[in-house]
Amino acid sequence: MIIAESLSKTYGPKRAVDGISFTVAPGKVTGFLGPNGAGKSTTMRMIVGLDRPTHGTVTVNGCPYAQHRSPLTEVGALLEAKAVHTGRSAANHLRAVAATHGFGRARIEEVIEMTGLQTVAGRRVGGFSLGMGQRLGIAVALLGDPQTLILDEPVNGLDPEGVLWVRNLMRELATQGRTVFLSSHLMSEMALTADHILVIGRGRIIADASVADIIGRSSGTTVLVRSPQATELVDLLRGPDITATSVEAGLVEISGTTAQVIGETAAAAGLVLHELAPRKGSLEDSYMALTADAVEYHSASTTPATSTTDPALSAAGTVTEEQQ
Amino acid sequence: MSTLTPTATPRGATPGPAHPSKPAHRVTFPRVLHSEWIKFSTLRSTVWTLGSTVVVMAGVSFLAVFFTARDAFSSKTSPEEAAPLVALLHNPSIVVTGADLALLAVAVLGVLVITGEYTTGMIRSTLTAVPRRLPALWAKALVLAATAAVTAAGATALSWAVSLPTLSAHDAAIDLGDPQTQRILIGGVLYLVTISLLAFAIGAILRVSAGALATVLGLLLVVENLFRAIPADFFRNVSPFLPATAGHQITATQATIEQARATSSAPVLDPWLGYGVMFLWVAVLLAVAAVLLRRRDA
């Protein structure tokens with residue numbers, strides 16, 4: 001359980017975290033989303049006492065991190081890959097960290113095995129790939145068999161097998177009743193891993209809700225309709241809230257109504273439907289919509305949030321003509 | 001595949017959600033010390049620096065003894081020139097001549113022990129494991145001081161051993177039973193240990209390897225020598241109180257000190273007072289490092 005109360009961090013004139021309050025509950029995976037520079041890492045660093053809050057407090061499992069007698073059994077943290085001396089081997093790094101809490105050799109070997117580092121444990125960390133460094137960081141986080149895990153971009157640099165492994169591990173740890181708090185900028189990854197999401201932008205919490213709620217808040221569901229009589233169908237459906245976008249001949253994307261209404265309208269008029277597919281807004285769409293105002297570093301070609309989920313569809317969208 | 005096995009859970013405690021704090025795994029100072037020892041001993045650079053300390057110190061001491069003896073007893077040396085050289089040879093300080101160069105090795109070690117953690121990011125692992133922070137600083141300083149002491153003692157013993165044949169040949173073998181000789185030999189070790197802690201404290205304050213090395217070596221090699229060389233009263237009066245100059249007195253014989261007093265109007269510190277001044281410098285710098293470590297973001 002992590003509880004932050006009006007937590008702020010100011011670096012010179014810049015307010016990195018601006019009075020945020022949130023609770024990360026045990027028993028589920030909580031995702032922490034935000035654009036670059038939104039304050040994710042700063043917040044995580046304050047949780048484990050690396051950065052001192054300018055204002056406010058944050059406690060883990062009931063008290064500030066630094067006051068725990070046995071911090072690594074309370075919290076396992078991966079804050080950046082390679083927070084390791086490059087001249088030391090992975091196994092010796094684990095030994096050094098384990099020694100502070102008296103964790104035995106057996107536990108070190110366990111985490112090496114769990115993270116798949118057996119073959120490289122004796123090598124110096126300086127030569128590790130990002131993914132290997134990430135696995136070592138996760139091994140350190142797991143050393144104390146902690147109640148709470150805090151991981152900053154854990155899948156960064158991992159291969160697909162590693163991504164899957166982290167996803168399953170996080171889900172399993174949460175099922176065991178642990179608190180799992182992970183940040184990512186990969187929205188799709190969050191949709192698969194997290195139960196609950198905190199969205200942060202410009203140092204403030206923009207959303208604090210379950211994944212389902214966040215997706216539901218998206219600009220609205222769209223329905224993809226394939227019909228040889230698409231134009232007639234769109235004419236029948238015409239209404240103030242309804243938008244229809246033609247994707248290609250005989251394929252329209254309709255928003256502002258439900259698949260049920262469209263299906264019934266088509267049946268009543270005797271129109272043929274080849275496809276009637278409701279598309280949920282993706283987490284990514286909702287996220288883009290939520291953070292559109294809060295993005296600190298805009299890239300030149302930032303496109304506004306559109307309700308497209310499928311790259312093929314969005315490519316086709318370039319030839320879209322508004323029908324309404 | 002990834003069950004977190006309950007090995008870290010003490011017997012009797014129920015695994016699962018609300019397991020209580022595990023007293024078996026508290027962070028204690030001996031554990032932090034053990035961790036710092038593992039960190040210290042698993043880096044090649046520390047092993048190399050310590051080895052070079054021994055080689056440099058014994059090598060320089062041997063060369064000093066060997067060439068002083070050769071010149072003192074050479075037929076080309078006039079009796080007037082030979083007298084001070086013979087006196088030098090009979091001065092027990094000659095055995096620890098190498099400390100003047102070995103101090104660079106221990107200073108580099110002292111800096112890198114701490115700045116190496118900052119430049120690699122290791123410090124964040126250290127401070128996450130020991131969030132109270134100060135135990136990690138003290139443990140690190142203790143490991144450094146202890147290894148510097150053992151290394152300096154070994155280097156002093158080796159310096160003595162390699163000088164012995166030359167000194168014995170000229171009937172100048174130092175008397176290990178003499179209290180002043182003992183003070184000089186032990187003092188040389190203390191001097192090197194304290195230099196390493198001085199460098200460590202500066203490293204902990206500046207946190208950047210390059211900056212800290214430049215500061216420490218600049219202080220030891222440039223600033224202190226400059227103060228000693230500039231013949232203005234201000235510099236000559238301050239110079240004896242600079243850390244390495246003051247600490248160096250611990251390796252001087254009383255006779256050398258009296259001689260210096262006779263020829264100079266500037267203050268000349270007694271051996272232990274000089275070492276005390278150096279120790280004070282280190283104590284103050286370590287205190288500053290401790291306060292900053294508690295305060296600063298890692």
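## The sheet of chain A

In this predicted model, three strands of chain A form an open, antiparallel sheet in the order 2-1-4. Strands are DSSP E runs of at least two residues, helices are H or I runs of at least four, and both are numbered from the N terminus. Two strands pair if DSSP finds at least two bridges between them. Strand 2 (14–24) and strand 4 (55–60) of chain A are the edges, each pairing on one side only. Neighbouring strands are turned by 20° on average, direction ignored.

Strand 1 (residues 2–11) and strand 4 of chain A run antiparallel and share five bridges. A:Ile3 has A:Thr59 of strand 4 as its bridge partner. Helix 1 (residues 40–47) of chain A packs on the sheet and touches strands 1, 2 and 4. The direction of helix 1 makes about 120° with that of strand 1 of chain A. Axes are lines fitted to C-alpha atoms, for helices over the stretch in contact, and angles run from 0 to 180 degrees between N-to-C directions.

## Chain B

Chain B has 12 helices and zero strands. Its C-alpha atoms fill a box of roughly 85 × 45 × 30 Å along the principal axes.

## Where the chains meet

Here 46 residues of chain A are in contact (C-beta atoms, placed from the backbone, within 7 Å) with 39 residues of chain B. Helix 3 of chain A gives the most to the chain A side, with five residues.

## Conventions

Residues are numbered from 1 along each chain as its sequence is written, with chains lettered from A and ligands numbered from 1 in the order written. Local features need pLDDT of at least 70, side-chain atom pairs count only at pLDDT 80 or more, and totals for chains, interfaces and linings use all residues.

How values were computed
Contact = placed C-beta atoms within 7 Å.
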